[in-house]
Amino acid sequence: MIPIDLSGQVALVTGASRGIGAAAARALGRAGAHVIVNYLSSEELAAACVEDIRTSGGNAEAARFDVSAEAEVARAFEDVMKRHGRIDILVNNAGVSKDALFLRVTPEMINEMIAVNLVGPFFCTLHAARYMIKQRRGRIVTVSSIVGLGGNPGQSVYAATKAGLVGMTKSFAKELGPRGVRVNAVAPGLIDTDMTKGMDREAIAREIPLRSIGSPDEVAGAILFLCSELGSYVTGQVIVVDGGLYT
Ligand code: NAP
């Protein structure tokens, strides 16, 4: 078995102040990567994530930027390159969900979800990939959703953005594979984070073959696999992490 050792590597995780992103950042940090913990507004939570990684013996720093603002994304990656000289791993995790049945969907909801969930990962991938291509090495993991694979009432816009990420992932995998960059996605089911707080989790858990909702750490495990040498021959894939819900 190849051990997971990311020491000497630099990883940037978007939306890493809370939930799945924070769990992914901690997992990458524990594996030895220097982690850049991106956030938008939760400065204290991002600082706590950085502190956790340092306490576990790793290295990390926080970086505030809005993934949907191209100039901010460009500046963030330039800054990473200036200070660390490399970017090995990008986890496109930041996302928002504004649920509404289709007659109640507003143009603002559509614009915000497309900007953060779909355009944001494009901006981050474009800026990360330009450096990864020069290094002839990199790994990009994007957090999609089973809702992007199967749809869900009240989530038409969210589903469209998450389905878009599948097409983005597969296309970038084909473009960047020959340049040494692997590009994959994970599609979580129902995960215990702020995003799913208002849902009837018990009722949903009864529909899940493994009979429980997932933890952020369980998604982080799949992300870590894809970022590590264990996944060295995997690209263009969507790994579903949902306890069997979308089966
Ligand atoms: P969460 O707990 O609501 O956290 C969202 C994260 O995204 C926060 O760190 C937030 O930063 C950040 N963020 C939001 N807008 C941003 C922006 N414009 N720029 C930079 N960061 C931004 O969400 P989660 O449940 O962990 O979800 C993480 C990802 O997994 C999302 O893409 C979501 O769609 C996907 N997902 C979640 C589930 C689930 O059941 N939870 C299932 C499938 C897929 P601040 O804290 O600073 O605001």
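Met 1, Ile 2, Ile 4 and Leu 230 together make up a nonpolar patch on the surface, with about 420 Å² of accessible area between them. The model described here is predicted.

- Seven strands form an open sheet in the order β3-β2-β1-β4-β5-β6-β7, and their pairing is parallel.
- The edges are taken by β3 (59-64) and β7, each of which has a single partner strand, so that one side of each lacks a neighbour in the sheet.
- On average, and with direction ignored, neighbouring strands of this sheet are turned by 20° against each other.
- Four bridges link β1 in the parallel sense to strand β2 (residues 34-39), where Ile 36 is the bridge partner of Leu 12.

**Strand β6 and its neighbours**
- All eight of the eight residues of β6 (residues 181-188) are buried, and the strand is therefore largely enclosed by the rest of the structure.
- This burial applies to both faces, with Val 181, Val 183, Ala 185 and Ala 187 on one side and Arg 182, Asn 184, Val 186 and Pro 188 on the other.
- Six bridges pair β6 with strand β5 (residues 138-143) in the parallel sense, and Val 186 of β6 is the bridge partner of Val 143.
- Strand β7 (residues 238-241) runs parallel to β6 and is joined to it by four bridges, with Val 241 of β7 opposite Pro 188.

**Helices on the sheet**
- Helix α1 (residues 19-30) lies across β1, β2, β4 (89-92) and β6, and runs at about 170° to β1.
- Helix α6 (residues 156-176) also packs on the sheet, where it touches β4, β5, β6 and β7, and its direction makes about 160° with that of β6.

Conventions
Residues numbered from 1 in each chain as written. Predicted model: local features only at pLDDT ≥ 70, side-chain atom pairs only at ≥ 80, totals over all residues. Heavy atoms only, no water. Buried < 20%, exposed > 50% of the residue type's maximum accessible area, 1.4 Å probe, protein only. Helix = DSSP H or I, 4+ residues; strand = E, 2+ residues; numbered from the N terminus. Pairing = 2+ DSSP bridges. Patch = residues over 30% accessible without salt bridge, like charges linked within 9 Å, V, L, I, M, F, W, Y side chains within 5 Å. Areas by Shrake-Rupley, 256 points an atom, 1.4 Å probe, with all protein chains shown as cover. Salt bridge = Lys/Arg side-chain N within 4 Å of Asp/Glu carboxyl O. Axes fitted to C-alpha atoms, helices over the stretch in contact; angles between N-to-C directions. Contact = heavy atoms within 4.5 Å.
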